[in-house]
Structures are given as structure tokens and as C-alpha cells.
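Here are a few notes to read alongside the model. Have it open and look up each residue as you go.

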Amino acid sequence: QVQLVESGGGLVQAGGSLRLSCAASGSIFSINAMGWYRQAPGKQRELVAAIISGGSTNYADSVKGRFTISRDNAKNTVYLQMNSLKPSDTAVYYCNAVLTTSPVMLPRDYWGQGTQVTVSS
């Protein structure tokens, strides 16, 4: 069984910063990629940022230059440093991992429970 545990959400004023963390634990054989998605009320879940095992990163256009994703492979943990936050960044942020639990299994998605980020104007 695999668990993703997020932390670091909260309330911040516009222009402020927050750092999200997500630790993966359990029967993990290998992690292909980890990332962050977000879902605002009435909107679809969208990719915010992702990092693959080789270190390459991908960002939504709306967060480029403001957010930075990083990963500690030894701890199976991914971080999202969010700077210059805007009210439009308000959403529930979900951690995602694409991983395998054994060498014979195909990779699949795992999700965290979500953490609320609220940016006030």
C-alpha cells in the first residue's frame, strides 16, 4: 500500500509565499514522476508542476517563474515552492506520484488527500 502525505498549505496574502511538501511511503519499488495538481471551486483539476525521475520539470504557464518544484529522491518527497502568490492560485493542491510497487507491475497514479491554499487579496 502506498500513501502520499501532503503538508504546507494555508492562508497567505497576495505576494506571499508557501512551500508544499509531499512524502510518499509504503511498498514503493520505483517512482517515475511526482507532481502537483490543483482544483479550484467549479473548475477541473489541472497540472501545476511535475518532475520526472531524471530531474526534468514541467510547469503550467500560469505559474512559470513563480513556482519551483523539487524532489528529494532519498526521502521520496516532492516540494513545491510557491512565490508571488496570487488570489487566482487559491485551490486545493493535490500531490501525485506515478510509481510501481514491484518490478513486474506497470506504473500507476497515486494521489494525496489534498491541501488547501488560500491567497487573499
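This is a predicted model: local features need pLDDT of at least 70, side-chain atom pairs count only at pLDDT 80 or more; totals for chains, interfaces and linings use all residues.

1. Residues are numbered from 1 along each chain as its sequence is written, and side-chain values use heavy atoms, with hydrogens and water left out.

2. Find arginine 66 in the loop between strands S6 (57-59) and S7 (67-72); strands are DSSP runs of E, at least two residues, numbered from the N terminus. Arginine 66 has a relative accessible area of 11%, so it is buried (under 20%; exposed is over 50%, partly exposed in between, with a 1.4 Å probe and protein chains only). Leaving aside neighbours within four places in sequence, its contacts (heavy atoms within 4.5 Å) include Met82, Leu85 and Asp89.

3. Now strand S11 (residues 115-120): Thr115, Val117 and Val119 make up the covered face, and Gln116, Thr118 and Ser120 the uncovered one. In a regular strand, side chains alternate between the two faces of the sheet.

4. Which residue has arginine 45 lying over its face? That's tryptophan 111, with arginine 45 at 4.7 Å from the ring centre (the rule: NZ of Lys or CZ of Arg within 6 Å of the centre and within 35 degrees of the ring normal). Likewise, arginine 108 lies over the face of tyrosine 110, at 4.0 Å.

How values were computed:
Helices (H or I, at least four residues) and strands (E, at least two) are DSSP runs, numbered from the N terminus.
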